[in-house]
Amino acid sequence: MLTRDVIDGYDMSAGLQLRELLSTMTHVLPDLPYPYDALEPYISRQIMELHHKKHHQTYVNALNAAETAYAKASTPKERIGLQAALKFNGGGMYALPAPINFLSFPC
């Protein structure tokens, strides 16, 4: 996972180093901190599995693909063209767990 500590350890003035860093990283789908049926009857097990295993996994896969493409990009134009995919899928990867985790806490 790309963290601020990892980025701070690199000289960000060299785009090549960032591309090398991205080419070695792989994001993985985190496990939920509770079973899929924990929110029943409000949210069904099937919906939770679909959302987590399919929808959320798609963001993870697309983020990994975008980072791989960014690492292989040879021109600034190619890298700029990948920024939207990195932002969108990175946001989906790290923003989606928050509402799911919030639902697990009693009000």
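Modeller: Start with Tyr59: at 15% relative accessibility, Tyr59 counts as buried (under 20% relative accessible area; exposed is over 50%, partly exposed lies in between; 1.4 Å probe, protein chains only). The model is predicted: local features need pLDDT of at least 70, side-chain atom pairs count only at pLDDT 80 or more, and totals for chains, interfaces and linings use all residues. Numbering runs from 1 along each chain as its sequence is written, and side-chain values use heavy atoms, without hydrogens and water.

Searching the whole structure gives 1 aromatic pair (rings of Phe, Tyr and Trp, the last by its six-membered ring, with centres within 6.5 Å; planes under 30 degrees apart are stacked, over 60 edge-to-face, the rest tilted). Tyr59 and Phe88 have ring centres 5.6 Å apart and planes at 45°, so the pair is tilted. Tyr59 sits in helix 3 (residues 45–72) and Phe88 in helix 4 (residues 76–95), 29 residues apart. Helices here are DSSP runs of H or I, at least four residues, numbered from the N terminus. Phe88 is exposed, at 55% relative accessible area.

Now the packing. The largest nonpolar core has 6 residues: Leu63, Ala66, Tyr70, Ala73, Leu82 and Leu86. Such a core joins buried Ala, Val, Leu, Ile, Met, Phe, Trp, Tyr and Cys residues through side-chain atoms within 4.5 Å. Helix 3 and helix 4 each supply at least two of its residues. Helix 3 gives the largest share, 3 residues. Leu82 touches Ala66, Ala69, Tyr70 and Ala73, leaving aside residues up to four places away in sequence; contact means heavy atoms within 4.5 Å.
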